[in-house]
Amino acid sequence: MLAVDDCRLAYPDFEARYTLHVPQGALCAVVGPSGGGKTTLLHMIAGFERPQGGTLRFAGQDLAGLRPSERPLAMIFQDHNLFPHLTARQNVALGVRPTLRLQEAEWSRVAEALRAVDMAALSERLPGDMSGGQRQRVALARALVTAKPLLLLDEPFGALDPGLRQDMIGWVDRLRRERGMTVLLTIHTPDDVAGVADRVAFVADGQVLAEGPAAAVLEPGRDRRIAAFLGRGAGAA
Amino acid sequence: MARLSSAAPERAGRRLPRPAPGAVVAAGIAALLAGGFAALFSAAGEGSALKELGPYLARVLGFSLAQAAVSTVLSLALGAALALALARRRFPGRSLVLSALGAAAAMPAIVVVFALVAVYGRGGFLQEALRALGFEPDFRIFGWPGILLAHTLLNAPFVARAYLDALAEVPAEHWRLAETLGLDARQTARHIDWPVLRAEFAPLASLVFLLCFTSFAIVLNLGGGGGRATLEVAIYEALKTDLDFARAAWLGLVQVALCTTVALTLHRILERPPAALTARLAVPRPDAGHPWLRAFDVGVLALAGLLVLPPLAAVLAGLPHLPRLLDADLAVALATSLVLAVVSALAACLMAVALAESARRPGASAIYGLIPATVLAVPPFALTAGLFLLVRRFADPALAGLVLLPLMNALAALPFAYRFVAPAMTTTAERYGRLASLLGLRGWTRLVLVDGPALRRPLAAAFTLAMALSFGDFGIVALFGGSELRTLPYLLYERLGAYRLDEAGGIALLLVALSLALAYASARLTHARR
């Protein structure tokens, strides 16, 4: 289980205080208004932001003192996931060994990860010669070769059109089921993950306001901020 | 019938369309170039003149290329190391270091000459201090050491600022990726820093090379004779000292040919957005804690301090001498410089707006967009030499200087002014072009109502930068300058030549203060726009 308990972050213009529990192997969609603290939550779990209190654990392991590279997680951002001067294959290989000096068996793992996201045919392409969806699939392949059990996705498909977005979420769902990964995915439109996400966490004003099955969390009567996010602010008021 | 007669004036109007403002500017520039180079050709005479010049030309070319190559290597190496050190480190006074770099990069070349002579010259601070300690220093600033030091002092800070801007553009995600993947210092350099440095290398190297290759004030004053002359200096000597116009013409043409080749590479730079103040890195660099890198960065920063701070201190030391300088000569030179700078900047901005306005017409962007690059390819000194030959047939060269000087300075500033103005005008055309057409907004009305608000800042930035370039210029004025026409850089040159170093110090300080204020204003305006 990913357990975030009362983790606090303070900035000059923003304060956050998170508590969230995601069962092992679950896909949890993090939704909420822009500027509400979704990305900050993921950055804190990844180790880019250090909480000033509380505990952060995954599978019983305390993550607080670990550097990002030592944590049992991989992360995919909305953009700039690939180094532009490296081919798809090299970008994936970075996840195995940053020196890019890989053994034969390790290159096979890279090839297998690219096959898993249907990118084997484009393995020698540079990111500049790929579409947005292809680039994100290469990033996903790199997350797979790292073999880390926790995958954080920070609005990774926001720039893609709706059809491609659905395809990509399908890829993530299939791969996490095959490999037993826990996935935390921030997303703008909850409908995109309907039927895929096991849980939904609603984040606003630097807090997880509600967490649980989608139907229970995205209930307009639960909180005015949830109602406003769903576009039913007036009715709820 | 009535319909026909009412349509007739309309058709007649169409037969004489108003020329595009850019076309007028282009025709004017073409006429200047044609006139200047026709004069050069006419003075050059038969081909044998070039043959006679062979060994001399080879020597000048060899020196120009060699000093430019070494200066470029030194500037790029130190600039890149400095940029990396500043990108990795956060320390108290860092913004002061950045300001010092900006100050060094914006110093007029003639001020750099003064500063180096004041520090490293025979009577300079350093040699005086060594003598006071009982040493007998045998160091000559004139020749290769002075030229390389001056070029590195001017260009390494510029390269550092450019690289620092480029490094600040690295997406925050790449630094976070480096952290999650556990990249060490060497891998960070390989996958993040090196691609940035490599991407900027060609345009920066060609720009620095071109600046050093055409260097005038520095080589003229610090060359120390003995055949150490760039093509610019050789043209100047041919015109002013030897009165050998044929030699000046051939040298000018050779320089045009060489600079055109380099400027074709530079065209890429003009397409880029204007550089501004360095953006703050959104995330700390994960390699900042590496002990070897820390030692390396401290060493580089110390070296840069040794290079930049003594000359800056030498300029600041001119402060006590300022009150003594306040005479008629200074007042006239200051006023002349300011008037010439304002006129040059105004002309540069008007030309840039006219070209940018015409460039956004369908199918015209390639033609009009290329004109500023072409001007960059033509060395102003060679063109001035041609125009000088032309004008001296009809008018007193000193009086001609009053017209040619701001005109040539405006041409020299045009590529930079265009770089500020053109993107803003293209953006307004993209956003409001159709709306303006629908509403029938054209010409001046459109410029004021639609482009005006978007152009205010870029135009102000272009104006101040063009003023700064013109204000500190010591190149073209060397040809026309004298008792009738004396700018502040020319006055500094005269005082330096007469070994009146105290007065030169005061003038240098005034020159630097005003140039810096203008360059700073331009950078602030650009930064605010971004």
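Four bridges join strand 3 (residues 27–31) of chain A to strand 8 of chain A, and the two run parallel. Strands here are DSSP runs of E of at least two residues, helices are runs of H or I of at least four, and both are numbered from the N terminus. Two strands pair if DSSP finds at least two bridges between them. In this pairing, A:Cys28 stands opposite A:Leu184.

A word on the source. This is a predicted model: local features need pLDDT of at least 70, side-chain atom pairs count only at pLDDT 80 or more, and totals for chains, interfaces and linings use all residues. Residues are numbered from 1 along each chain as its sequence is written, while chains are lettered from A and ligands numbered from 1 in the order in which they are written.

Back to strand 8 of chain A, residues 182–186. Strand 7 (residues 150–154) of chain A also pairs with strand 8, in the parallel sense, over five bridges. There, A:Leu153 has A:Leu185 as its bridge partner.

How many residues of strand 8 of chain A are buried? Five of its five. Buried means 20 or more other C-beta atoms within 10 Å of the residue's own, exposed means 12 or fewer, and partly exposed is in between; C-beta atoms are placed from the backbone. Both faces are covered: A:Thr182, A:Leu184 and A:Thr186 on one side, A:Val183 and A:Leu185 on the other.

Now chain B. Helix 9 (residues 185–213) of chain B has a kink of about 45 degrees at B:Phe201, shortly before the proline B:Pro203. The bend is the angle between axes fitted to the seven residues ending there and the seven starting there.
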